[in-house]
Amino acid sequence: MKSWLFVTLFASLTTLTTCRTALPPDTYEAYPTYSGPDLGLTFVQGQARLRVWAPTAEKLHLKLYTEGTGGTPVADYAMQKSTGGTWLYALPPQPAGQFYVVQATIKGRQMAEVPDPYVHAVGLNGQRGALLNPATVSPAEWEDDVRPKLRQATDIIIGELHVRDLSMQPQSGIQHKGKFLGLAEIGTRGPEGVKTGLDHLSELGITHVHLLPTNDYASIDESQLNENRYNWGYDPLNYSVPEGSYSTDPADPAVRIREMKQMVQRLHRRGLRLVLDVVYNHTANAARSSFEQLVPGYYYRHNPDGTLSDAAACGNEVASERPMVRKLIVESVGYWAREYHVDGFRFDLMGILDIRTMRAVRTALDETDHSIFVYGEGWTAGASPLPEAQRAVKANVLKMDRIAAFGDELRDGVKGHYARQTEPGFASGQPGLEESVKFGIVAATRHPQLDYSKVNYSKAPWATTPAQAINYVACHDDRVLWDKLTIANPGASEAELIRMDLLSNTIVFTSQGVPFLPVGDEFLRTKGGSHNSYNLPDNVNQLDWARKAKYLEVFQFYQQLIALRKAHPAFRLPTQELIQQHLVFLPDMPANTIGYQLQNHAGGDEWGTITVLFNGNPAPAAVAAPAGSYTVVLRGQQINPKGLEELVVEPGKLLGLPAGAALLLVQP
């Protein structure tokens, strides 16, 4: 998410001028910290105990309610001050209410009632925590749920998806529209019998389903779901609780927990891993957040004048470098991995977070499963007071082992600049972007044949291994690929736009690194030209399954392209050294063409040499390919791993490349 696009959403949610709670940094450093594993609500032999960090509070009260919203407290307990700036209370075996809040008194002022920051179960709209142990709320056979096998990170193929988009179209054939359970349904069919939902994801061949935020967020009123309001969810309310609007009963704290686990279980049974899009860089409402009500000023960064700094362009940014903020983020991520068996995390605006926090996240996840994948946006949406040398930006990925970032060099090189929407890219005939595309082909690693001075953004490699580079040409941000190509190429025919589309993602899926695809692009998804659909209606955002039927040949090409990548390890080399050893760019290529070879059975591939050629020009091109006999396995819109035809390139002769197309040739 480029969060600067969301200022209007948060203007009503965020107090920008009254949060002048900043103190000198050394004041925060003097706050006591707590290192124990039991912050929040914990259960010992069924009895609940709450521990809350609030070092500046003079009093902290625990209040119980019978409902998740409304009413008056049925119990009010004074919590006892404990170690490390925490307050503690052991609830009776049969508490009077099912929901709880805490209320601090700070400098004589009674603060607002809030759930604690570690809350794991909530009532309607996340206003109150629930006295519920999530470990006791699981579907049948949950203890037998296992992650699908993953040999290496470069085997990953990511499909990005919004829970609601998958199922909301009336023709989706999915019963639980807009719900976690909708993603768990099998056997669903759409127009002309095409597979939809989970069956479609399995048919496509991706390995990881990346879901836009599924944690509890603020912009949807869970009590008014009949309004069918839509939001991407980049306005976090409670970091470690599932979003209630995706459940069949948001008022029942157990339902959202159980149904999300059912979704994970079904994905795993289908061989799909789950990635959660997590938004730890800011909160929806700083002034009213549990952070500000319990420890004013501590959780957020501030400007010199005491106002909130705003690298997220959403009104605030979280101070991840402070020990108790880092602890919360790390333990929240670890909780999702353990309790919900999540297989990966995509960090929104990861560049706002600090390097030490991201390293700690990686270490914590390794304690659960070394194969859990971590990646994020290696940039911010605005200036931050945290020095760039400390931030988890793209240039610092070199300092973060087994953490990946999105490669906007290839993205904008292939399709054109993300913001200058009428500007075409390599796949649309725009010259001068070859080195930017090649930067992505080698997965942002060091390669002796690249001229880094000609790369559009980074002038040096930022990945040490290809597993640290996410290659993509589109995501939920900005226009979808089809709409971008349409607006950047006025007058182009549908056939020409399809050609550009297929070339764009042929580049992605034959490049080294980890490929990423927004689900729906494989059947030319359109949002009617919208460049920012975060709160637009379902008829803009939902997957139109009729387009899969209409463009079935396009879908089948994507399906075959993914299968080709999965079948050939030459496209999935695990180290920079192997890329340098086996990937050789062809010299003297004409303008707006790229050619390279994967030589000597790269990665143990059955194919001895793979020659990959891209022509971004709208006219055919002639290139000096190495002489020899080849089998053509991909040409433009056709793929056949067993061969489309045999081809002989005579010494000194030029090879013709079709207009705006890829050509993939193999030799034994």
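In what order do four strands form an open sheet, and is their pairing parallel or antiparallel? The order is β1-β2-β6-β5, and the pairing is antiparallel. The structure is a predicted model, in which local features need pLDDT of at least 70 and side-chain atom pairs count only at pLDDT 80 or more, whereas totals for chains, interfaces and linings use all residues. Residues are numbered from 1 along each chain as its sequence is written, and side-chain values use heavy atoms, with hydrogens and water left out.

**The open sheet**

- Helices (H or I, at least four residues) and strands (E, at least two) are DSSP runs numbered from the N terminus, and two strands pair if DSSP finds at least two bridges between them.
- Strand β2 (residues 47-53) pairs with strand β6 (residues 86-90) in the antiparallel sense over five bridges, and R51 stands opposite L88 in β6.

**Strands β3 and β4**

- Strand β3 (residues 59-65) and β4 pair in the antiparallel sense over four bridges, and Y77 in β4 is the bridge partner of L62.
- In a regular strand the side chains alternate between the two faces of the sheet.

**The barrel**

- Eight strands close into a barrel with parallel pairing, in the order β10-β11-β14-β15-β16-β17-β18-β19.
- Neighbouring strands of this sheet are turned by 30° against each other on average, direction ignored.
- Strand β10 (residues 158-161) and strand β11 (residues 208-211) pair in the parallel sense over four bridges, with V209 in β11 as the bridge partner of G159.

**Helix packing**

- Axes are lines fitted to C-alpha atoms, for helices over the stretch in contact, and angles run from 0 to 180 degrees between N-to-C directions.
- Helix α8 (residues 323-339) and helix α9 (residues 355-366) pack at an angle of about 30°, with their axes 9 Å apart, and are therefore roughly parallel to each other; angles under 35 degrees count as roughly parallel, over 145 as roughly antiparallel, 65 to 115 as roughly perpendicular and the rest as oblique.
- Contact, meaning heavy atoms within 4.5 Å, is made by R326, I329, V330, V333, G334 and A337 of α8 and by R356, T357, A360, V361, A364 and L365 of α9.
- The residues of the contact of α8 with α9 divide into eight nonpolar, two polar and two charged, where Ala, Val, Leu, Ile, Met, Phe, Trp, Tyr, Cys and Pro count as nonpolar, Asp, Glu, Lys and Arg as charged, and the others, Gly among them, as polar.
- Helix α5 (residues 197-204) and helix α16 (residues 552-567) pack at an angle of about 55°, with their axes 9 Å apart, which makes α5 oblique to α16.
- H200, E203 and L204 of α5 meet F555, Y558, Q559 and I562 of α16 in this contact, which has four nonpolar, two polar and one charged residues.

**The surroundings of R525**

- R525 lies in the loop between β19 (514-518) and α14 (538-541) and is buried, with a relative accessible area of 8%.
- Leaving aside its neighbours within four places in sequence, R525 is in contact with residues including D165, W482, N541 and R547.
- The C-alpha atoms of R525 and D483 are separated by 8.2 Å, although the two residues are 42 residues apart along the chain.

Conventions
Buried means under 20% relative accessible area, exposed over 50%, partly exposed in between (1.4 Å probe, protein chains only).
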